[in-house]
Amino acid sequence: MSKKLVKSKNKIIAGVCAGIAEYFNVDPTLVRVIWVLCTFIAGLSILAYLVCALIMPSSN
């Protein structure tokens, strides 16, 4: 059975970070903290999050 990258139902905004965490089998809080740090460092994470929220399928 192959894993699929999907938005999670364990969501705060759109479920992107939790979906990534489930895919890599790590804690969603860790992914969220890394995403926030990348936003402050690079600034492009907000755009990347919006793109992911639009193109990632929802979990059923």
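**Notes on the predicted model**

1. Serine 2 lies in the segment that comes before α1. This is a predicted model, so the remarks here concern computed geometry. With a relative accessibility of 63%, serine 2 counts as exposed. Between serine 2 and arginine 32 there are 30 residues in sequence and 24 Å in space, taken from C-alpha to C-alpha.

2. Asparagine 10 also belongs to the segment before α1. Its relative accessible area is 42%, and this makes asparagine 10 partly exposed. Once neighbours within four places in sequence are set aside, asparagine 10 has contacts with Ala18, Glu22, Pro28 and Arg32.

3. Next comes helix α1. Its buried residues are Val16, Cys17, Ala18, Gly19, Ile20 and Ala21. What do the buried residues of α1 pack against? They pack against α2 and α3. Ala18, named above as a contact of asparagine 10, is among the buried residues.

4. Is asparagine 25 buried or exposed? Its relative accessibility is 69%, so it counts as exposed.

5. Now for the aromatic rings. How many aromatic pairs does a search of the whole structure find? It finds two. One of them joins tyrosine 23 and phenylalanine 24 in an edge-to-face arrangement, with 5.1 Å from centre to centre and 90° between the planes. Tyrosine 23 is partly exposed at a relative accessible area of 29%, while phenylalanine 24 counts as exposed at 56% relative accessibility.

6. The other pair is made by tryptophan 35 and tyrosine 49, and it is edge-to-face because the planes stand at 85°, with the ring centres 5.6 Å apart. This pair links distant parts of the chain, since tryptophan 35 is in helix α2 (residues 28–41) and tyrosine 49 is in helix α3, 14 residues apart.

7. The charged end of lysine 3 sits over the ring of tyrosine 23, at 4.9 Å from the ring centre. Tyrosine 23 thus takes part in an aromatic pair with phenylalanine 24 and also has a charge over its ring.

8. On to the largest pocket, which holds about 250 Å³ of space. It is lined by 16 residues, and those closest to its centre are Ile13, Cys17, Trp35, Val36 and Tyr49. Which elements give two or more residues to the lining? They are α1 (16–24), α2 and α3. By type, the lining residues divide into 11 nonpolar, three polar and two charged. Trp35 and Tyr49 are among the residues closest to the centre, and they are the partners of the edge-to-face pair with planes at 85°.

9. To finish, a look at helix α3 (residues 45–55), where alanine 53 is found. Alanine 53 has a relative accessible area of 17%, so it is buried. Which residues does alanine 53 contact, leaving aside its neighbours within four places in sequence? They are Lys7, Ala14 and Val16. Of these, Val16 is one of the buried residues of α1. The C-alpha atoms of alanine 53 and cysteine 17 are 9.6 Å apart in space, and the two residues are 36 apart in sequence. Cysteine 17 is also one of the residues closest to the centre of the largest pocket.

Key: Residues numbered from 1 in each chain as written. Predicted model: local features only at pLDDT ≥ 70, side-chain atom pairs only at ≥ 80, totals over all residues. Heavy atoms only, no water. Helix = DSSP H or I, 4+ residues; strand = E, 2+ residues; numbered from the N terminus. Buried < 20%, exposed > 50% of the residue type's maximum accessible area, 1.4 Å probe, protein only. Contact = heavy atoms within 4.5 Å. Phe/Tyr/Trp six-rings, centres within 6.5 Å; stacked < 30°, edge-to-face > 60°. Lys NZ or Arg CZ within 6 Å of the ring centre and 35° of its normal. 1 Å grid on protein atoms, 1.4 Å probe; cavity = no way out; pocket = protein on both sides within 12 Å on 5 of 7 lines; lining within 4 Å. Points joined across faces, edges and corners; volume = space filled by probe spheres on them. Nonpolar A, V, L, I, M, F, W, Y, C, P; charged D, E, K, R; others polar.
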